[in-house]
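Please work through the exercises below with the sequence and the model side by side, trying each task before reading its solution.

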Amino acid sequence: MAGNGSFASKSVPRHVARGLVGFGSVVAAFALVPVFGWWSLLLIPVGVLALRGCPACWVIGLIETVSRGRIKSDCVDGVCRLR
């Protein structure tokens, strides 16, 4: 995770690259089973590592990376609003 407990990366291209490697490795692992047998499943840990263990977390991180600095919350008198 990037520093302050968020799922965001330092840049959108870096985050997308991680996603391509992660999802690509997982898909390739299953697609290549007929060709390489169970050895192709060794690509799954590569994909999991690239996605930092959680595909849903990767998607949340993409949203956070894209919106970084654009969405702010203000809390006044116990009422919080996004702007």
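The model is predicted, so local features need pLDDT of at least 70 and side-chain atom pairs count only at pLDDT 80 or more, while totals for chains, interfaces and linings use all residues. Residues are numbered from 1 along each chain as its sequence is written, and side-chain values use heavy atoms, with hydrogens and water left out.

**Exercise 1. Classify the aromatic pair of Phe23 and Trp58.**

Start with the rule: rings of Phe, Tyr and Trp (its six-membered ring) pair if their centres lie within 6.5 Å, and planes under 30 degrees apart count as stacked, over 60 as edge-to-face and the rest as tilted. By this rule the count comes to two aromatic pairs. The ring centres of Phe23 and Trp58 are 5.4 Å apart and their planes stand at 90°, so this pair is edge-to-face. The pair links distant parts of the chain, since Phe23 belongs to helix 1 (residues 12–31) and Trp58 to helix 4 (residues 55–67), 35 residues apart; helices here are DSSP runs (H or I, at least four residues), numbered from the N terminus.

Next, consider accessibility, where buried means under 20% relative accessible area, exposed over 50% and partly exposed in between (1.4 Å probe, protein chains only). Phe23, at 32%, counts as partly exposed, whereas Trp58, at 11%, is buried.

**Exercise 2. Classify the pair of Trp38 and Trp39.**

The ring centres of Trp38 and Trp39 lie 4.3 Å apart with the planes at 25°, so the pair is stacked. Trp38 is exposed at 55% relative accessibility, and Trp39 is exposed at 54%.

**Exercise 3. Describe how helix 1 and helix 4 pack.**

The two helices pack at an angle of about 165°, with their axes 10 Å apart; the axes are lines fitted to C-alpha atoms over the stretch in contact, and angles run from 0 to 180 degrees between N-to-C directions. That makes helix 1 roughly antiparallel to helix 4, a term for angles over 145 degrees.

**Exercise 4. Is Thr65 buried or exposed, and which residues does Thr65 touch?**

Thr65, which lies in helix 4, has a relative accessible area of 7% and is therefore buried. Leaving aside residues up to four places away in sequence, Thr65 touches Ala8, Ser9, Ser11, Val12 and His15.

Note on methods: Contact means heavy atoms within 4.5 Å. Angles under 35 degrees count as roughly parallel, over 145 as roughly antiparallel, 65 to 115 as roughly perpendicular and the rest as oblique.
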